[in-house]
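The stops below proceed from whole chains to single residues.

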Amino acid sequence: MRLHATAPAGADLHLIDVDIASLRGVAARLAAAAQVDGAAPRGLAAARTDRTVTASGGAQSALVRTRDEWIGFLTGLRAAVDRSAQALHAVADTYERAEDDAGVAVRPAAIGPEPGWRR
Amino acid sequence: MSTLTYATRREPGSTDEQGPAAWASLAGVQRLRDARPDDWHRAAAAWSTLAEQLTRLHERIDGSATELDAAWAAGSGTGAARACVAAQRIAVRDAQSPARQIAAALTEHGYALAALRRLAHQDLPHTERVLLLAQVRALDERTRATLLANRPPPAPAVLRERVGLRTDVARAVVQAQTSLSPQQVRAWWDSLTQAQRDRVLADDADVVGWLDGIPAVDRDRANRTLLAAGLDRLSAAEADLVHMLDRLRLPAILAPTLLLPVLGVLELRLARVRAQVAGLQAVRTCLERLGPRALLLGIDPGTGVSDGRAIVALSDPDHARHTAVLVPGVDTDLGDTPGELDPDRPSARRCRRADSGAGRCEPRLLAGLRRATGH
């Protein structure tokens, strides 16, 4: 994923500008959102109108077509949100490793707003 | 020409109940009577739920974007992350309105269909039946247009580019895998994104469900989809056939000379459908009894004349050290599945003994395969 490739490999990791715990919180919330809303496509698929086709041929087939397109869209969207979450975790991992490499516990609250530390 | 006779009141001396047009309008009205508005209301409820979920998802992503600003203030990646999350927020925002429009259209369709259906139960002359059916067609067209106008919004380019939202895999590409080796199939499967795999498992389950090289857990997912869809389809067919038979047995529907052959054909068809339903239900019961470790590696309901087929693994063969394969005899069918895979059967006990003798604690796999009779 592009985000994954860009952020962890970036040369300018400003440790004081990232709150790793908060970043993981954002990632967790995005991942949870993707999981919860994964139920939506299943709901659409479960609502069947196949047996009403006799009185509503055009609308019924349009509904099946629209539903299938929406399920594809929602599946893709869910995957996208989930991957964003994974990418943010990867960013947090990278910053954490940078901290370990530096041998000091660096946290924004402890250092202050000035970006004085660069890997 | 058949001697179909509908139990409909006719005006004395009227000729409007005769001729092909009159029969067509009678048939159309009968279909309208059989329509099920509640199904449309249920579909509307599902779309309404989707719209609510999209609203919640939008709120969550919105909140996450704000938190992201605070958590990751600078760096070369933060701009990319913000753009990505913002694109997802826009996609979700733009999807809410079409989902609501569809829910509203389906609700309206359900109510309108119910009203027209009530009229269809009245004893109408041909001319009024024609008018009624014209209203049905107009309603149908109106709903169709609304549905097609509210297809999902195109994903923003940034979203497609960054996270690979493109999920479609041509069916021809999937089918082409059937001529490749399992190793080649596995390499192809590994090259797909998760979204693409999800799409293939949903759209081409009939192909990948039997495809060697696809991970067993994914085959299981495809085949359980097929199993559920097959039961839905066959149960609906069974209900339709029962309904048709009930109607035909009413007095004055068909002349007796025609009734018996038609009943015979339909009853035979019903028996075949019921045999298929029973076979699939037996497989489902078996899977439920075996629990989450069991995997369905192939399912074919058969035709009602030929036996169906199923492959059930008692645990994941991709991680098995040993496998034992049980192929039941030609006189078995899908309905025998629970008995064939009973852990107390001698074959299962022998398998456990052999595995224990080899220093293993339990059999990793016991597969059941039903072949069509005579093969």
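Helices (H or I, at least four residues) and strands (E, at least two) are taken here as DSSP runs, numbered from the N terminus. This is a predicted model, in which local features need pLDDT of at least 70 and side-chain atom pairs count only at pLDDT 80 or more, while totals for chains, interfaces and linings use all residues. Residues are numbered from 1 along each chain as its sequence is written, and chains are lettered from A and ligands numbered from 1 in the order in which they are written.

**First stop: chain A**

Select chain A and colour it by secondary structure. Its elements follow the order α-α-α-α-α from the N terminus on, with five helices and zero strands. A residue is called buried if 20 or more other C-beta atoms lie within 10 Å of its own, exposed if 12 or fewer, and partly exposed in between, with C-beta atoms placed from the backbone. By this criterion, 45% of the 119 residues of chain A are buried. Two residues are in contact if their C-beta atoms, placed from the backbone, lie within 7 Å. Of the contacts in chain A between residues at least 6 apart in sequence, 86% join residues at least 24 apart.

**Second stop: chain B**

Now select chain B, which contains 13 helices and four strands. Of its 375 residues, 33% count as buried. Among its contacts with a separation of 6 or more, 75% are between residues 24 or more positions apart.

Select residues 126-149 of chain B, which form helix α4. These 24 residues reach 35 Å from the first C-alpha to the last, close to the 34 Å expected at 1.5 Å a residue; the expected span is 1.5 Å times one less than the number of residues. Its buried residues include His126(B), Arg129(B), Leu133(B) and Val136(B).

Which way does β1(B) run relative to β2(B), parallel or antiparallel? The two strands run antiparallel and are joined by five bridges; strands pair if DSSP finds at least two bridges between them. Leu296(B) stands opposite Val312(B) of β2(B). Five of the five residues of β2(B) are buried, so this strand is largely enclosed by the rest of the structure. Arg309(B), Ile311(B) and Ala313(B) point one way from β2(B), and Ala310(B) and Val312(B) point the other way.

**Last stop: Gly308(B)**

Finally, select Gly308(B), in the loop between β1 (295-300) and β2 (309-313) of chain B. Gly308(B) counts as buried because it has 24 C-beta neighbours inside 10 Å. Its C-alpha atom is separated by 7.3 Å from that of Gly279(B), 29 residues apart along the chain.
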